[in-house]
Amino acid sequence: MAVTLCRLLATDYWFVMNDFASRMLRLDRRLIFLLITVVTFLPLLYPFGLPIRVSPEVQKIYDYVESLPEGSVVLLSLDFDPSSKPELYPMSVALLRHAFRKHLKVMGMTLWITGTGMAESVFSQVAQESGKEKGTDYAFLGYAPGGANVIISMGQDLYAAFPTDYYGVKTADLPMLKEVRTLRDVRYTISLSAGFPGLDTWYVYGKEKYGFELGGGCTAVSAPRFYPLIDTGQINGLLGGLRGAAEYETLLDMKGKAIAGMDAQSATHFLIIFLIMVCNLFYFLGGQRREQRG
Amino acid sequence: MEGEPGRSRAPTLSLRHFAWCLFLSLSFLLVYSTSVSALDAPQALEAFDMPGDGGGSIGLRWRATSADSPITPYRVFVSEQENGEFKQIAEFPANTQYETEISGPWWVWGAKHPDVHFFQVKSNSTLRLIDNRPYFFKVILTDGQTSAESVVVSAAARPNLFNWAKLNNLLIMIAFSAIVLVAIRHARVNPHIFLRRIPGLDAVEEAVGRATETGRPILYMTGSDDMSSLATIAATVILGEIAKRVATYGTDLKVPHRDPIVMAICQEVVKESYLAAGRPDAYKADANFFITSEQFAFPAAVDGIMLREQPAANFFMGAYYAESLLLTEPGAATGAIQIAGTDSEHQLPFFITSCDYTLIGEELYAASAYLSREPVLVGTLRGQDLGKGFFLGVMIIGTLLVTLGILLGTPVFRTFFQLFGDFK
Amino acid sequence: MIFWKRSLPVLLTFILGVTFALQYYVPHPASEALLSEVSVWNQIIAGFAAILGVTSLLQVHYVKIRRREPGWGYSTILYLSMLITLVVGLWSGGESENSAFGWLYSYVLVALSSTMFSILAFFIASAAYRTFRARSTEATVLLIAAALVMIGRVPLGEYLISGSGQVSDWIMTVPNTAAQRGILIGISLGGIATSIKIIFGIERAYLGGGRE
Amino acid sequence: MSTEILIGAWVATGLSLFMYSFLYKDNPFFKLGEHIYVGVSVGYGLVITYYEVMVKKLYVPMLQQGNWWLIIPTLLGLLVLARFVPAIAWLSRISFAFIVGVGSGIAIPRVISSLILQQVQGTLKPLVMAGDGGVTWFTLAGLNILLILVGVASVLFYFFFSIEHTGAVHRIARIGIYFLMVSFGAAFGYTVMARMSLLIGRFDELIQYASPSYGYPTFVLLAMVIVGLILWERGRAPESGSI
């Protein structure tokens, strides 16, 4: 009697489990969408700052900026447009903060017309929070057409390549640019590049000729292409994708967007792995019997 | 070929040999008479046009000596006149820049000597080498205090008409073309060639059948590339086969496009298929329609079609980029049969996970042969298989021989297999 | 007439195909110039063809509006947004710096495309949930490889399981490379065979004609 | 903050939310966003084509710099438009032949170079290492090279079409399938990061637009979309249409 009851209960239990599992396998996709949304948003709002290992190529850029004496001129070329903003924008912020913290003079520009407005907002925002003066501590030159030709012409005469800065002030009148006539007066150039013209252009037409040190940043997808350039010393370091930006933020000890982004990355990756485990659990609990073709 | 870079240099060789012999003896006398220089002047310097390029580049080579060391750099000088002012263009440690570092294949460069220095002078923003104009070079070995100068040699950069380094590429093209053409001819005579199953293609009939039963349309996409892409061409050919079936059953076909020319060609293809199926009356000109070429606006609109018209089957053939999953995931949710075929290897994981059947890489090109069973196309598959077998053999035998070469300590196999290397 | 309609295109394909296949082996500047010239030509042809595309799009939506099909209102929105963009673009002279056209690009087009692009994040998750099930050995291999690489890619993974980064790198550089190479060699032979068939006029589907 | 940025923030936020509403199901907001997107992208494409191609690469070089030969692509372009006139529509085939002929010719040697030779070259490596201390038979690198060779060979076996997949061929082809599956799984897992980056970037912007300096567009518009969706759901007959 007891055995029968147990068996009955067991079959019932299995039936329930089966039913539940197969229902879970056909889980409304919108629930997954919701989970992804939550798991992405939370770390962005409240980053938990998981430890991030700093790779040598990022450390090199940081060290080089650290080694520059106060007042050295650094050129930051933001060669990307809004579509690469998620990865390259946090890099620009971190690099600028570092430069301002070290009291370096920063010259900003872009080779991408569609990135001009965004580049300007990075400079004005970071300068404002770091208490830096436009024109004396930094200069934003804006965009000039021509890609490689801009670099060549900057190498000959900066005031000719950019007669005025982005805001229409004559470059020759800017206090910060008094000592900067050509690219030869620049100590370090960093190009955050989403394609052409970008890091390659700066290397071929700038570094080779005018002798400044060159560092770079790029999207995660294009990073593998630049690693050989580090080995040969053509660039002295590289920030690759959001991860590169997060490593730089770690070095600066700031909890910025990239670190928050990496937390969100960790969270979403583990959510997906968790989902895969759950769906396999349900699958083995009996969902496979009712499963349709997938 | 002992030490010769290519044919282009040969005629001027003897003259130059003579010239530098003269110079050499003169300078030897000079050095001898002034005596006690610790450094030997670089010997046997020669300059030559770099083979297989579009001009603007000259190669220099000279004999290495046992005294070459990192602390005694070589300096390379150039001038436009033989007795003009020489300008330094390079400096490097004397134990670097050897002929063995040249990446060119043996059929252009012959045996590369480990005891010969090589330096390539390229036209750049500081030095413009104008084609067909002679330039004069000399190499100086220095140790900081004293220096020893080579003779002056000259050469002109020339644009070449054939890049011999790509000869293997050309031979492969010719051989493979011949194999394919012969295989096609053979298949015409003997049309019964065995073909293995491709499950995705068996499903084509099922997909068309389901669409007919349910009265819902079939959605067909030709990919994101334009007509010059081979994957797009394959997609249009498969479209023709599917359109024939669609025409026979009287099912509705919808082909949204990202490229106007592909659209125009597909209109022709579909029209022809309806004609071939004997249903020209059923052909609708608006079956092929253009949406937009923007990468993500296109899937937005196609998703809209999938959700609103609920096609019974979705075909994704051709080349795709990041938008692939945006197209297939909503399709999977509507429950349509999804068949994909692409040579975009980076998108294959997404098609595999969200489509019922996926033609992987080469299967896309094979599909039209399977669907039509025309001997011409089936013969091509035979040719492709022969090609695969050949390269498979090359890789296996090559790896074994190259390994054997290491064991025997000979580079001969390695050198031989440059035949299957890519040279620019 | 049959010559003009059928043979001429096939002949043209043959001549151009052979010429441009051989162009690759000729390093002379003239040959490079030929290649860049023809790519400009292709752009120009595509420029004219754009008219064909837009006409098709407008036709489809014109029919919807005229027949007052369900959702015809959206078709008018499409017409309007296209017209506005055209007018603004021509008015700005195609310049996107500090112009209304640039504004449309940054705040409408980029916002829409990056949103659509980011929807992939949701779909990649739902595709994983739906398909990564250990149905068969193949499917199991697929899901394990995916999970291992995912763990190795993020800081949390390295933090929890040290060495997961190396495992993920190894999978990417060894088995993944092997499979990709196999696929690529297969694709190349299939692609070349297709090219050869086209150049020799055996495959003529693109002309709307059958085969030889 | 300038007015154009302020309006831009509201428009961008609104359009983003419209597109995201598609994740719930097909709805009027998504339809609106979708049609605006198609319209704007086509308009934008036309303007760019006009200035970048028709003016810069055709009009200026041909009529101002005298590159008369550009008349040929112009004619080929016009032949494409012959499709509008059914009687002469066949003329467009000449243009198609041009594009397809050039495309397939260009493809062959380049495919041989990058998809055959470079791949074969990458596979052809010695399995043993020679160093100062003689030959090392077993190294990790050697094992990886062997594994890659096995992988490439078995995947190629999988792609044999005209050989029956039975016996040994079947077994080797199966190994090939496992390699393919590892590769697809790995590539899938590898791409997750890139896709998540995009979502993070997008959300980041929406968080930025949620700030008071923009007038809380994210909150306001999100509320509007949600209320709109509720009203729309109430106002229509129940039917399933989720994606």
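**View 1. B:Cys355 is buried, with a relative accessible area of 4%.** The model shown in this and the following views is predicted. The cysteine sulfur closest to that of B:Cys355 belongs to A:Cys279, at 18 Å, which is too far for a bond.

**View 2. B:Cys266 has a relative accessible area of 0% and is therefore buried.** For the sulfur of B:Cys266, the closest cysteine sulfur is that of B:Cys355, and the 19 Å between them is too far for a bond. A disulfide would need two cysteine sulfur atoms within 2.5 Å. Over all chains, a search of the whole structure finds 0 disulfides.

**View 3. B:Ile58 lies in strand S2 of chain B, which covers residues 57–63.** Its relative accessibility is 0%, so B:Ile58 counts as buried. Leaving out residues up to four places away in sequence, B:Ile58 touches residues including B:Ala47, B:Phe48 and B:Met50. Also among the residues touched by B:Ile58 are B:Phe119, B:Gln120, B:Val121 and B:Leu129. For B:Leu161, which is 103 residues from B:Ile58 along the chain, the separation between the two C-alpha atoms is 16 Å.

**View 4. Chain D meets chain C through 108 residues of chain D and 104 residues of chain C.** About 10000 Å² of area is buried between chain D and chain C, and carbon and sulfur atoms give 81% of that area.

**View 5. A salt bridge joins C:Glu138 and D:Arg174.** In this pair the closest N and O atoms are 2.7 Å apart. The count of salt bridges between chain D and chain C is 1. Across the same interface, 19 residue pairs are in polar contact, with both residues at pLDDT 80 or more.

**View 6. On the side of chain D that touches chain C, the elements giving two or more residues are six helices of chain D: H1 (3–20), H2 (28–64), H3 (71–81), H4 (92–123), H5 (140–158) and H6 (167–209).** Helix H4 of chain D gives the most to this side, with 25 residues. By residue class, the side of chain D that touches chain C holds 76 nonpolar, 23 polar and 9 charged residues.

Conventions
Residues numbered from 1 in each chain as written. Chains lettered and ligands numbered in written order. Predicted model: local features only at pLDDT ≥ 70, side-chain atom pairs only at ≥ 80, totals over all residues. Heavy atoms only, no water. Contact = heavy atoms within 4.5 Å. Buried area = accessible area lost by both parts, 1.4 Å probe. Salt bridge = Lys/Arg side-chain N within 4 Å of Asp/Glu carboxyl O. Polar contact = N/O pair within 3.5 Å; in protein donor to acceptor, adjacent residues only side chain to side chain. Helix = DSSP H or I, 4+ residues; strand = E, 2+ residues; numbered from the N terminus. Nonpolar A, V, L, I, M, F, W, Y, C, P; charged D, E, K, R; others polar. Buried < 20%, exposed > 50% of the residue type's maximum accessible area, 1.4 Å probe, protein only.
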